[in-house]
Number of protein chains: 2
Amino acid sequence: MTKIIDPYGSELVKDYGNIIKNFGLEIFDSSTFPKPNRIMRRKVVFAGRDLKRITKCIKEKKPFYALSGIMPTNETIHLGNKQVVENLKYFQEQGAITFILVADLEAQAARGLSLEEGKKRALEFHIPAYIALGLDPKKTIFYFQSENKEVIHFAYETAKKITLNEFKAIYGSADPGRIISAVTQIGDIVYPQFKEPMPGIIPVGIDQDPHIRLTRDVVNRMKDKKFFSPSSLYHKYTPSLDGKIKMSKSKPLSCINIPEDEKSVRKKIMRAKSGGRATLEEHKKLGAEVDKCMVFELLKQHLVEDDKELEQIFKEYSSGKMSAGEIKQLACEKMVSFMKDFNKKLEKAKKQVDKLNFVKF
Amino acid sequence: MTKIIDPYGSELVKDYGNIIKNFGLEIFDSSTFPKPNRIMRRKVVFAGRDLKRITKCIKEKKPFYALSGIMPTNETIHLGNKQVVENLKYFQEQGAITFILVADLEAQAARGLSLEEGKKRALEFHIPAYIALGLDPKKTIFYFQSENKEVIHFAYETAKKITLNEFKAIYGSADPGRIISAVTQIGDIVYPQFKEPMPGIIPVGIDQDPHIRLTRDVVNRMKDKKFFSPSSLYHKYTPSLDGKIKMSKSKPLSCINIPEDEKSVRKKIMRAKSGGRATLEEHKKLGAEVDKCMVFELLKQHLVEDDKELEQIFKEYSSGKMSAGEIKQLACEKMVSFMKDFNKKLEKAKKQVDKLNFVKF
C-alpha cells in the first residue's frame, strides 16, 4: 500500500528525507496518530516535532490545542491551506481546543495590507472558507492579532531574548518587518498556554518550520514562564500542475485556487503534466508513469477520499487501462464537484460569521 | 554675557560643534524662541531640527505638540530628565499640547521589566516626579505604550519600511529588541498627529537623536499618510561631578539622583571637581578655573534661575573672591533646598495621579 499511496517516487522522498535529517524532524507515519486522515495515511504528512506528546494527549484525552493562522493577503486560498485545515479538523475531532488567528498585523508588516482591509477580507472570505473546508465553527476560537494585546506584549518580551545572529541563522536573512512578524508569531503559537501550560500542535507547510524552531528555542530558554514546546506537523507541497515547482500563484496556469470557476479548472487540469506515454499504444503497453503524473497527485492529495478507490485508479492507470485523457477527465469532474460543494458551504459559512467565538479583548 | 553663561569653554563647545556639523543639526540660540527658559538662555540647549516651524506655531498661536517618554526602569530620575521636563514645561507654557507616554513596552523589551512593574513605578514615582518638576497635570495627556494599540499598529507598519542596513547605519548596531523598541518610538513620536497632522517638538538629550532621525526619515517616506516631520531640541549633558563623563548612575559618587537625601547630596558636592587652585593664595590671585568647575556647572544648569545672580557668582568665583569651598557650600544649600522642594511637590503630585488625563483605549 505504501507504494501506491506514495507514488511521487524516490526522488522527492529523498528530498524530504534530507529535510528530515537536516532539520532534526521526526518521521511521521500513519501509526503516529489514531484514525489518521487521508493526507496522513498517504504520507503527504511526512514529519513533525514532539509528536508523541500529542499522541499521548489524544489517547489519554488530556487537554491540548491545535492552532493555525490566516494571512488575509490573498483573494483566494490554495490547496496548501486546505491541507492545513484538514489537519486542524483532524485534531479538532481528536479533542484539540482549536485556535485560528487572523495575522492582520503580519499582513500589514509584510505586505502593507491595512488592518481594516485585512479584517474585512478575513471576515468576508478566509474565515468562512476555513469553515467550508471542515472546521467546526462551534469548537473553534478565533482572534485578530492586532487586537490581542497579550500576544503583542509577549512579542516585545520575546524580541529581547533573540539575537540578530540567531535570527539570521534560522531565517537566512533579517529585516525589521520580518523580525517583528516572527516575534509576533511566537506569541501566537504559545498564546493558548498563557493561562495554563498545555501541549499544542501546529500543522504547517514545511516552509513554516523556521517559526516553529525559533518558538521552541525561545520557549525553552524562558526561565520566568513555563510553556510546552509547541509540537508541529508538516505536509508536503502540492506540486504545480506542470510538476516543476510547489503550486504557487506565481505560475497561475499551473495553480488551482479555492474557489475557482469550472471553465478555468477544466482548462488547467487538461493542460497538466500527466503520466501518459508518447502514444496511446505505448501507454497501453507500458502503463502510465504515475510517479510523474500531477493529475494523479491531485487525486491522491485532494480529490479521492477512499483508499480503495485511489488504489483502483492507480491500478488501471499504471497498467495502461486508463488513459491520461481519462484520468484528467476524472480529476476535472472531481475538482469541479469539490468547488461546487465548497461554494455552497462557503455561502452558508458566511452567514455564520457573526456568531463565531471571537476572543474579546 | 555669552561667555559667562557658557563657561564650559571651547573644548566642549568644539565637540558639540562637531555633533551639529556631523548630524546636520540647526544651531540653537536664545533668540530662536520667545522668552527662552534658563537652559535655553545659557546654551545648555544647543541645537535642534526644524525649529522655525515651532517658532512660527508659538508666534502665530497655531496648534503644535510637545512630547516625551518616561522609561520606568529606574527607581529615581536624573538631572537629564529634569532638563527634558523644563523644556516640555516651556513649550506647554507657549501653548503646546503636551504628551507624556510611559514606555513600558520598551522597558520590557530593553530591560526585561514586566509591564505590571513598569506601570506601578510610573504611577508611583515617575509621573508624579514629572509633575513635581513643573509640568501642569491639567494640560498634560498621558498614556501607557502597552495600551496604545494605534501606536503598536503603526510600529508594525513602520517596521516594513526600514531595512536592516538603514537601522544599522543610524544606530550602529541592530538587535531584535532594539528594533522593536525603535519602531515603537516612531509610533509614539507621531501619535499626536494620527488624527490630524500637526507640528510637534521632542526635547531630548543628544543621545536620543537616532530615534528622531529614523522617525523623520520614515515619515518623509510615507506616501499614504501625511505627517509633519517632528522637530527636536537637544540639550547638553550635565557632566558627572568628577567632570569625566556624562552624569550617570554607572559612577554613583559622581551622580546626583532626584530625589537624593541631604547627607548624600552634601557629601557628593563637597567631593566634586571644582575650579579651585592648588592653594588659597593662588586662588585669590588667579581666580577659579570656572570652565573646569563641575559645581559652577550645576549652578548654571540647574540651581540658579536668575541670570544676574549667576553672573555675580561667576564674577566673584572667577576673580578669586569666592573660594572653591564657598561655591560648594552654596551649591549644597541650593541642591538641598531643591530636593526639599521636590519632595514636597512629589508628595502632593502623588495624590493627583488618579485625576490625570490618561488616554482611554
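Guide: In strand β5 of chain B, L101(B) is the bridge partner of G69(B). The model is predicted, so local features are taken only where pLDDT is at least 70 and side-chain atom pairs only at pLDDT 80 or more, while totals for chains, interfaces and linings use all residues. Residues are numbered from 1 along each chain as its sequence is written, and chains are lettered from A, with ligands numbered from 1, in the order in which they are written.

A second bridge into β5(B) links L67(B) with F99(B). Both belong to a parallel pairing of β5(B) with strand β3 of chain B, residues 65–70, which extends over six bridges. Strands here are DSSP runs of E with at least two residues, helices are runs of H or I with at least four, and both are numbered from the N terminus. Two strands are said to pair if DSSP finds at least two bridges between them.

β5(B) also has strand β6 of chain B, residues 140–144, as a parallel partner, here over five bridges. In that pairing, I100(B) stands opposite F142(B) of β6(B). In general, strands of a sheet pair through backbone hydrogen bonds, in either the parallel or the antiparallel sense.

β5(B) itself covers residues 97–102, and five of its six residues are buried. A residue counts as buried when 20 or more other C-beta atoms, placed from the backbone, lie within 10 Å of its own; with 12 or fewer it is exposed, and in between it is partly exposed.

Touching rests on contact, in which the C-beta atoms of two residues, placed from the backbone, lie within 7 Å. Angles run from 0 to 180 degrees between N-to-C directions, and axes are lines fitted to C-alpha atoms, for helices over the stretch in contact.

Elsewhere in chain B, helix α10 (residues 176–190) packs against helix α11 (residues 209–221) at an angle of about 70 degrees, the axes being 9 Å apart. This makes α10(B) roughly perpendicular to α11(B), a class that spans 65 to 115 degrees; angles under 35 count as roughly parallel, over 145 as roughly antiparallel, and the rest as oblique. From α10(B) the contact involves A182(B), Q185(B), I186(B), I189(B) and V190(B), and from α11(B) it involves H211(B), L214(B), T215(B), V218(B) and V219(B). By class, the residues of this contact are seven nonpolar, three polar and no charged. Here Ala, Val, Leu, Ile, Met, Phe, Trp, Tyr, Cys and Pro are nonpolar, Asp, Glu, Lys and Arg are charged, and the others, Gly among them, are polar.

The peptide bond between I258(B) and P259(B) is cis, with omega about -5 degrees, and P259(B) lies in the loop between β9 (257–258) and α12 (262–270) of chain B. D50(B), a residue other than glycine, has a positive phi near 50 degrees. D50(B) is placed in the loop between β2 (45–49) and α4 (51–60) of chain B, and it counts as partly exposed because it has 17 C-beta neighbours inside 10 Å.

In chain A, β3 (residues 65–70) and β7 (residues 200–205) run parallel and are joined by two bridges, with A66(A) opposite I201(A) in β7(A).

Finally, 24 residues of chain A are in contact with 24 residues of chain B. The elements of chain A giving two or more residues to this side are α6 (104–111), α8 (149–159), α9 (164–171) and α10 (176–190). That side of chain A has 15 nonpolar, six polar and three charged residues.
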